[in-house]
Amino acid sequence: MSAAAGKKPKPRRVNVRKPEVMERVEAEVAEHYRSSLVEVVRSQGLFTIGNTSMTLAKQFGFCYGVERAIDLAYASRRVFPESRIFLIGEIIHNQEVNRQLTEMGIVSLPWEKMDEQYDELTSEDVVIVPAFGAPVSFMDKIERQGAQTVDTTCGDVMKVWRRVRGFAKDGVTSIIHGKASHEETRATASRALGDDKTGHYVVILTTDDADYLCEWIRGEHSDAGAFYARFPEGLSEGFDPMVHLDRVGVANQTTMLKSETEDIQKRIQVAVESRDGDAEKFFVFDTICGATQERQDALFEMLKHKMDALLVVGGYNSSNTTHLVEIGEKELPTFFIRTSDCLQSLEDIVHFDLHQKVEVSSKTSILAQDEKVVVGVTAGASCPNNLIEETILRVFDLRGISREQVQAECDKLGVAAAPA
Ligand code: SF4
């Protein structure tokens, strides 16, 4: 079955963005994920029926990178109607979108480790690379198998890759602020080895990790075993903390909390300065993507207005959504929900607890009160508008406001929303 034997084939990247295909794809994607009600609520600022008001952040939901990735995945099915189509892991972190792709016969391959399914890829197959990208070893393997690839890696992720590759070329160790087990960070880390694979990286997640690294930079530690135990996943092979923290460059997963990333950059710079007397061996590039930044900024803006509760809709493994929850929960009761089904009743909300890292069920009286309630809604870059619409309708429904009343309110406003 394998095409790997013999001469190494050239990469077979295919462009599925053909005008005649994209027109149909865009219509299909809009049908699956668009919501006219969401547009109405967005345009109103505060959308009120009776004693219940809903408000949306100015920026939320699908970002340009996610839209592009979904379009390309849908286009792949149209361009290759008869081929086996695979996807490395998930196209984005959203169950609903991934379910649609599965229904289209697109098969998800493991993303943490390659298994025999990768050995069985042939030149007849198509492999979609998700918006997060994929590690170099995965790309090389697919290339050796001769399969065709549709690469949906976001341009903002590739910008980070260029930075860390540059660090490796210049003998600078990459300090990557991100989650070591996240698809994007794994892909970025593999590029931090550089083209000749001699580069080094360490992935840090928290300011505590940064402080520990700073202590090493200042020469306050010498127990390498403790260092390895602290970063079991996010280290390049052969990393020696006594050697590889000399010239350091900070990059970050594109979806981190900007304020935290800036704080980490500053701490590391100060540590290098206190060691060397200057920051000549410190390099930094802010690689938070524009869409993540806009969603965080929009939430900060939204939080200036009075709200009783905030619902953040999105996949529990979505990094940028998680940071929206962190921002919200500092200010008001905030619930990280996957879908509207999490709103089980006025008093029971199933939601993801970031601190316990599990889904929990909470009792709350916030939505149940008789007086006026203002509920804010936002969503990460991987959440489609139809899920946001369902959430809005669910809140109204629980508060005794029917879909017909929602439609009537839209009619009154003279805007066409047609909740299904
Ligand atoms: S969140 Fe940012 S980096 Fe990720 S796909 Fe969207 S635009 Fe690209």
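**The ligand shell and the sheet**

Mentor: The model is a predicted one. In it, 15 residues surround the ligand, the closest being Cys63, Gly65, Cys154, Thr254 and Cys289. Two or more residues of this shell come from each of α3 (64-79), α7 (155-169) and α12 (290-302).

Trainee: Which element gives the largest share of the shell around the ligand?

Mentor: Helix α3 does, with three residues.

Trainee: How do the residues of the shell divide into nonpolar, polar and charged?

Mentor: Nine are nonpolar, five are polar and one is charged. Cys counts as nonpolar and Gly as polar.

Trainee: What makes β8 and β9 a pair?

Mentor: Pairing requires at least two bridges between the strands. Four bridges join β8 (residues 173-177) to β9, and the two strands run parallel; therefore they count as paired.

Trainee: What is the order of the open sheet of four strands, and why are β9 and β11 called edge strands?

Mentor: The order is β9-β8-β10-β11, with parallel pairing. Strands β9 (201-204) and β11 (282-284) each pair on one side only, and they are the edge strands. Neighbouring strands are turned by 20° against each other on average, direction ignored.

Trainee: Which strands does α7 touch where it packs on the sheet?

Mentor: Helix α7 touches β8, β10 (248-252) and β11, and its direction makes about 165° with that of β10. Helix α11 (residues 258-276) lies across β8, β10 and β11, at about 175° to β10.

Notes: Residues numbered from 1 in each chain as written. Predicted model: local features only at pLDDT ≥ 70, side-chain atom pairs only at ≥ 80, totals over all residues. Near = placed C-beta within 6 Å. Axes fitted to C-alpha atoms, helices over the stretch in contact; angles between N-to-C directions. Contact = placed C-beta atoms within 7 Å.
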